[in-house]
Amino acid sequence: DEAYGPFAVLPMTFVVTPRRTLLRAVSGSGEAEVGVVTYIAQTYLMQGKADKAEGIAEYAATVEDPRKARETKGYAQVKQGKIDEAAQEFRQIDSKAGLAAVALEQGDYGTAIETADAASGEAYAASVKGEALLRSGNPDEAARAFEAASAKELDDWQRNNAVRGEGRALQEQGQADAAISKYGEALELNP
């Protein structure tokens, strides 16, 4: 009976590590594949390979969602210390969370917090705010900001940063067991 057979065979795209660990599987074509190249760039960013992430994100901007890819490129530039280039990238796409990250890396924690607060529609802004609060010596507020960030819809690398940040804030508050739990959660996101 035709009702039980496959109606269409869709292409599959797999993202795997060199050790053949499956990171992501995407079935279908067209919109289902959008984001795969940006996801690869974000994976490199999470692994601390910002130079590779930047190049892949630059390519992704030509074939996928340009805003998301350019934002990933900007964060890769921040990680590499290319602050002026990152700021330009973030201004061109109006990423307040990205501009907050630039201020954070410049050591301007007040501006980072203000800019992150102005980026209410950008989920990662709360994590950047948490980092600025933590670096400025306010672990209580930082823990709340990181917790708020991790409750939002974030990319894997952003969630990892938020959870790790919450762990650091909890550690500074003297909550060792809670901090260890958060570090374990972060390891699950980025083994």
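**From fold to salt bridges**

Read along the sequence, the protein chain runs β-β-α-α-α-α-α-α-α-α-α-α. That pattern holds 10 helices and two strands. Both kinds of element are DSSP runs numbered from the N terminus: helices are H or I with at least four residues, and strands are E with at least two. This is a predicted model, in which local features need pLDDT of at least 70 and side-chain atom pairs count only at pLDDT 80 or more, while totals for chains, interfaces and linings use all residues. Residues are numbered from 1 along each chain as its sequence is written, and side-chain values use heavy atoms, with hydrogens and water left out.

Start with the whole chain. Of its 191 residues, 44% are buried. Buried means under 20% relative accessible area, exposed means over 50%, and partly exposed lies in between (1.4 Å probe, protein chains only). The accessible surface comes to about 10500 Å². Carbon and sulfur atoms hold 48% of that surface. Such areas come from the Shrake-Rupley method with a 1.4 Å probe; for residues, only the protein chains shown count as cover. Now look at contacts, meaning heavy atoms within 4.5 Å. Among contacts with a separation of 6 or more, 38% link residues 24 or more positions apart.

Next, go inside. The largest nonpolar core has 38 residues. A nonpolar core is a set of buried Ala, Val, Leu, Ile, Met, Phe, Trp, Tyr and Cys residues joined through side-chain atoms within 4.5 Å. Which members touch the most other members? They are Leu 45, Tyr 75 and Val 102. Take Leu 45. Leaving out residues up to four places away in sequence, Leu 45 touches Ala 50, Ala 53, Thr 72, Tyr 75, Ala 76, Lys 79 and Trp 157.

Now turn to charge. Side chains of opposite charge can pair when their charged atoms come close. A salt bridge is a side-chain nitrogen of Lys or Arg within 4 Å of a carboxyl oxygen of Asp or Glu. By this rule the count is 13 salt bridges.

One of them joins Lys 73 and Glu 58, with the closest N and O atoms 3.6 Å apart. Lys 73 lies in helix α3 (residues 66–79) and Glu 58 in helix α2 (residues 50–63), so the pair ties together parts that are 15 residues apart in sequence. Lys 73 counts as buried because its relative accessibility is 14%. Glu 58 has a relative accessible area of 44%, so Glu 58 is partly exposed.

Asp 94 and Lys 96 form another salt bridge, at 3.4 Å from N to O. Asp 94 is partly exposed at 46% relative accessibility. Lys 96 is also partly exposed, at 29%.

A further salt bridge joins Arg 168 and Glu 131, at 2.3 Å from N to O. Arg 168 lies in helix α9 (residues 156–172) and Glu 131 in helix α7, so this pair ties together parts that are 37 residues apart in sequence. Helix α7 covers residues 125–135. Are these two partners buried or partly exposed? Arg 168 is partly exposed, at 26% relative accessibility. Glu 131 is buried, with a relative accessible area of 15%. Salt bridges that share partners also join Glu 58, Arg 70, Lys 73 and Glu 89 into one network.

Stay with Glu 131 for a moment. Leaving aside neighbours within four places in sequence, Glu 131 is in contact with Leu 104, Phe 146 and Arg 168.
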